[in-house]
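Please look over the model shown here before reading on. The paragraphs after it are meant to be read with the structure in view.

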Amino acid sequence: MQINLKQLDAFRAVMQTGSTNEAASVLNISQPAVSRSIKNLEEQIDFLLFIRENGRLYATAEAEDLYHEVKEFYNGVDHMANVLRNVRLVGGGHLRIVTSMPMGQSFLPEVIQSFRQSHPDVRISVRIVVKREMTKWLESQLFDIALLTLPVEYPASRSRMLARAQGVCILPVGHALSDRKVIEARDLQHEDFLSIVPDTVLRIRVDKAFDTLGIERRGMVIETQSAASICQMVSRGLGTSVIDPFTAAGFEKSAIVIRPFRPVIPYSFGMVLPIHRPPSRLAEEFAEALQTHAEGFFAERDHFFA
């Protein structure tokens, strides 16, 4: 026996309204379509549901019994619809984001600000971590989206590219080199140079840029743990530096000058999703927002790169 929902819809509507005409109006279908569904249902279950007299329908005892069960069925359907609605609006309304320091400075806050305009009730947890901690987070899988510097050892099918960019030079406002459109590595040879601590991606790439050209920076006087701290120190006139563009963008309105740097120090930024579970609809929407924002983020800052 194969009973379809259209037949049950027609039966329930007739029981509720008392006529096929009213049922057709409720279901927004024709009256013959309702009558046909009822007839087909009766043929399948092999007993009468309605007695037809003088153009009216009278429910049989069997119809009353069936209607009781059908009401229970539709109550369950309505409950499931509410559950799915709540998952969409509330139950799925929590995003756990892990991000590297560069992307957590200005890029991610801008995306969250824009995203919450259309999702004001979403709860967002953000954990900003250094690279060595990121590995532990990726292993734990306790996140919905992780933002990081690529490449990373992670399944390609769960990784998405966000942006390719270049390292930039930052100078104090009024610095003698600030009138140049592009800063060469050799220009910084005798400048006080602020550097990130060793054994970090940024430090390795910046050192390689100078070492490849055989340039020794004689003024490497300060090391610090974050590029954001470097920006703050440069804004106070403590020296110059070369950092990632995401962090620099977070300080472009402060007392620093941002210039393209040569040789090019390439960066790739991306996001990864959990391996053993599909992303929630909310996570997918946020991932799309990240990709859309990334496209405009550097387009608005093309003066960073020559």
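The text below moves from the whole chain to its sheets, its backbone and its surface.

This is a predicted model, in which local features need pLDDT of at least 70 and side-chain atom pairs count only at pLDDT 80 or more, while totals for chains, interfaces and linings use all residues. Residues are numbered from 1 along each chain as its sequence is written, and side-chain values use heavy atoms, with hydrogens and water left out.

The chain contains eleven helices and 13 strands; these are DSSP runs numbered from the N terminus, helices being H or I of at least four residues and strands E of at least two. Along its principal axes, the C-alpha trace spans about 105 × 35 × 25 Å. The radius of gyration of the chain is 32 Å, whereas a compact globule of 306 residues would have one near 19 Å; this radius is taken over C-alpha atoms, and the globule rule is 2.2 Å times the number of residues to the power 0.38. Of the 306 residues, 44% count as buried, that is, under 20% relative accessible area, with exposed meaning over 50% and partly exposed in between (1.4 Å probe, protein chains only).

Among the sheets is an open one of four strands, with mixed pairing and the order β8-β12-β7-β11. Its edges are β8 (183-184) and β11 (241-243); each has a single partner strand, so one side of each is left without a neighbour in the sheet. Two strands pair if DSSP finds at least two bridges between them. Strands β7 (residues 168-172) and β12 (residues 256-262) run antiparallel and are joined by five bridges, with valine 168 opposite proline 260 in β12.

Parallel pairing is found between β9 (residues 192-196) and β10 (residues 219-224), again over five bridges. From β9 the chain passes through helix α8 (residues 201-212) to β10 in a right-handed β-α-β crossover: with the strands pointing away from the viewer, the path from the first strand over the helix to the second runs clockwise.

The backbone also deserves attention. Most residues other than glycine have a negative phi, and most peptide bonds are trans. The bond from leucine 150 to proline 151 is cis, with omega near 5°, and proline 151 lies in the loop between β5 (145-150) and β6 (159-166). Another cis bond joins arginine 262 and proline 263, with omega about 10°. Asparagine 28 has a positive phi of about 60° and is exposed at 71% relative accessibility. Glutamine 141 has a phi near 65°, but is buried at 11%.
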